[in-house]
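Q: I would like a close look at one part of this model, with the terms spelled out as they come up. Please take me through that part and then through its surroundings.

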Amino acid sequence: MKIERKPSTALLPTPVVLLSVAGHGKEKPNIITLAWVGTVCSTPPMLSVAIRPTRHSHGLVNAAREFVVNIPRADQVAAVDLAGVWSGVEHDKFAELGFTARPASQVAAPLIEECPLNIECVVRHQLDLGAHDLYLAEIVAVHYDEELIDSRGRLKTAALHAMAYVDGEYWSLGERLGSYGQAAKALRTGNK
Ligand SMILES: Cc1cc2nc3c(=O)[nH]c(=O)nc-3n(C[C@H](O)[C@H](O)[C@H](O)COP(=O)(O)O)c2cc1C
C-alpha cells in the first residue's frame with residue numbers, strides 16, 4: 001500500500017549549506033542557511049540555490065551576483081541552524097557565529113574559513129519560481145581544507161563529515177555503500 005499526499009517539497013535528502021555573500025553599501029557580508037540547493041550542470045560546472053525574496057540575503061545576492069556555497073561539517077550544525085533563523089538585518093552572523101571571513105579568489109563574497117569546502121559562484125541566471133527565486137550559478141573556484149585531500153589528490157569523503165537535510169531534520173551521513181559504476185562493473189565481470 002502507498003499513501004498519496006498533496007504535492008510538496010518531498011525530494012530528499014538535500015544538502016544543507018551556508019551561503020556567504022558580500023555586503024552592499026552599509027550592509028555587512030552575510031551568511032544564510034539553504035537547503036534548496038543542487039548540482040545542475042557539469043560543463044560549465046554549475047549549481048542552483050533557491051532564495052525567498054523576503055530574505056535579507058536575497059537583496060545582497062541580487063546586488064553582488066556572486067556568492068560562496070560553504071559546506072559545513074556535522075559538528076557545525078548549531079551554527080547552521082542559527083544562520084537559518086537569524087537575519088542579517090539584526091545579526092552580524094560572521095561575528096556572532098564565530099566564523100572567519102576569508103577572501104575568495106574569484107568573487108567578492110568571503111569564504112567561511114571554518115567550513116571544509118567552499119565553492120565560489122557567479123550568478124548566470126535568475127528565475128522567479130513563486131515562493132523562491134532560483135539562481136543558477138557557475139562555479140568559478142573550489143577550495144578544500146588540505147587534510148581532506150589524499151596523496152593521490154582524491155577527496156577523503158569520510159573526513160568531510162558532511163550532513164544532509166531530511167524532512168526538516170539534520171542528519172549525518174551513514175556508511176559508504178559503494179562507488180559510481182560498481183554495479184555495472186560487477187555485471188560485466190560476473191562478480192557480485
Ligand atoms: C535548514 C534550513 C534550510 C533553509 N533553506 C532555505 C532555502 O533553501 N531558501 C531560503 O530562502 N531560506 C532557507 N532557510 C531560511 C533562511 O536561512 C532564514 O530565513 C534566514 O534567517 C535568512 O537570513 P537572512 O535574512 O540573513 O538572509 C533555511 C533555514 C534552515 C534552518
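A: Strand 3, which spans residues 30–34, is mostly covered, since five of its five residues are buried; here a residue counts as buried if 20 or more other C-beta atoms, placed from the backbone, lie within 10 Å of its own, as exposed if 12 or fewer do, and as partly exposed in between. The model is a predicted one, in which local features need pLDDT of at least 70 and side-chain atom pairs count only at pLDDT 80 or more, while totals for chains, interfaces and linings use all residues. Residues are numbered from 1 along each chain as its sequence is written. Strands are DSSP runs of E with at least two residues, and helices are runs of H or I with at least four, numbered from the N terminus.

Asn30, Ile32 and Leu34 point one way from strand 3, whereas Ile31 and Thr33 point the other way, and all are buried. Strand 3 pairs with strand 2 (residues 17–21) in the antiparallel sense over five bridges, and two strands are said to pair if DSSP finds at least two bridges between them. Within this pairing, Asn30 of strand 3 is the bridge partner of Val21.
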